[in-house]
Amino acid sequence: MKTKEVTETHDDIVYGVHAVSESLAANTGNKLYIQADLRGKNVDKIKALATQKKVSIAWTPKKTLSEMTQGAVHQGFVLRVSAFAYAELKHLLAKAEKEPNPLILILDGITDPHNLGSILRTADATQVCGLIIPKHRAVGVTPVVAKTSTGAVEHVPIVRVTNLSQTIELLKAQGFWIFGTDMQGTPAHQWQTAGKLALIIGNEGKGLSHNLKKQVDEMITIPMQGHVQSLNASVAAAILMYEVFRHKL
């Protein structure tokens, strides 16, 4: 069972069918709000799950749900949840020791919650061991992240640390090879992915920070022949996650 350290947050709701279902299943829900005039299989399924988990249900006008989610697409379901429980680094490393060729993603200042949610969704699909994100100048787990991840946030361990550089040194001491993403480097299809891997995905605009670049063992690049110079952070991360994943199949 995943051991977690609870970190306080003011983002205390999730919304949408998948995010609400996964949060209820993970026993993090406190109160469920369902759109008053909503009917159908999703209502029956989520209502039954909430009843099973002993979570109270409030039938709520659509306008109120929209106000709670600041106008986001909630699909008629909003769930008030406990503070998100970030995993501890020592438990992520223990998990990695049990996996063949584990991959840990390090996100260097990702600020867009949609990018983090999309990365989590792909990380779950490709059996990534876990994510490491910084506590400062980066997005944490928010309702938008949970919604975009379609429930993956409940299945991929996320560690939040104060110092990425020190964390990378610790990973190196544990036998991890550190890879970064850049315009110049080893083409992704030539990447040797055997062993314990940690891949750093840089900030949406600035890329990898200068200090972290010094700690990278090898840069990986995604070959491109179009007119644009770079890919969206979540797209680049997905391509590289699948590159590692396909060698495991």
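**Ground rules.** I number residues from 1 along each chain as its sequence is written, and I leave hydrogens and water out, using heavy atoms for side-chain values. Because the model is predicted, local features need pLDDT of at least 70 and side-chain atom pairs count only at pLDDT 80 or more, while totals for chains, interfaces and linings use all residues.

**Sheet.** I looked up the strand order and found an open sheet of four strands, β2-β5-β3-β4, with mixed pairing. Its edge strands are β2 (13–15) and β4 (56–60), each of which pairs on one side only. From one strand to the next the twist averages 25°. I take helices (H or I, at least four residues) and strands (E, at least two) as DSSP runs, numbered from the N terminus. Two strands pair if DSSP finds at least two bridges between them. Strand β3 (residues 29–35) pairs with β4 in the parallel sense over five bridges. Within that pairing I find L32 opposite I57 in β4.

**Helices on the sheet.** I checked which strands each helix crosses. Helix α1 (residues 17–25) lies across β2, β3 and β5 (77–81), at about 35° to β5. Helix α2 (residues 41–52) lies across β3, β4 and β5, at about 145° to β4. The axes are lines fitted to C-alpha atoms, for helices over the stretch in contact, and angles run from 0 to 180 degrees between N-to-C directions.

For α1 I listed the buried residues: V17, A19, V20, S21, S23 and L24. Buried means under 20% relative accessible area, exposed over 50%, partly exposed in between (1.4 Å probe, protein chains only). Their cover includes β2, β3, α2, β5 and α6 (143–148). Contact here means heavy atoms within 4.5 Å. After α1 comes N27, with a positive phi near 65°.

**Helix α9.** I then turned to α9 (residues 233–246), which has 14 residues and reaches 20 Å from its first C-alpha to its last, close to the 20 Å expected at 1.5 Å a residue. The expected span is 1.5 Å times one less than the number of residues. Ten of the 14 residues are buried, so α9 is largely enclosed by the rest of the structure. Among them are A233, L240, M241, E243 and F245. The cover includes β7 (103–107), α5 (113–125), β10 (177–187), β11 (197–201) and β12 (218–221).

**D182 and T221.** D182 is in strand β10 and counts as partly exposed at 30% relative accessibility. Beyond four places in sequence, I find D182 touching K213, M219, I220 and T221. T221 sits in strand β12 and is buried at 11% relative accessibility. A polar atom of the T221 side chain lies 3.1 Å from the backbone oxygen of M183.

**Aromatic pairs.** My search of the whole structure gave three aromatic pairs. Rings of Phe, Tyr and Trp (its six-membered ring) pair if their centres lie within 6.5 Å; planes under 30 degrees apart count as stacked, over 60 as edge-to-face and the rest as tilted. F84 and Y86 have ring centres 4.8 Å apart and planes at 80°, so I logged the pair as edge-to-face. Both residues are buried. Y242 and F245 are also edge-to-face, at 6.0 Å centre to centre and 80° between the planes. Both lie in α9, three residues apart, about one turn of the helix. Y242 is partly exposed at 42%, whereas F245 is buried at 15%.

Definitions and conventions: A polar contact is a pair of N or O atoms within 3.5 Å; within protein, one must be able to donate a hydrogen and the other to accept it, and residues adjacent in sequence count only if both atoms are side-chain atoms.
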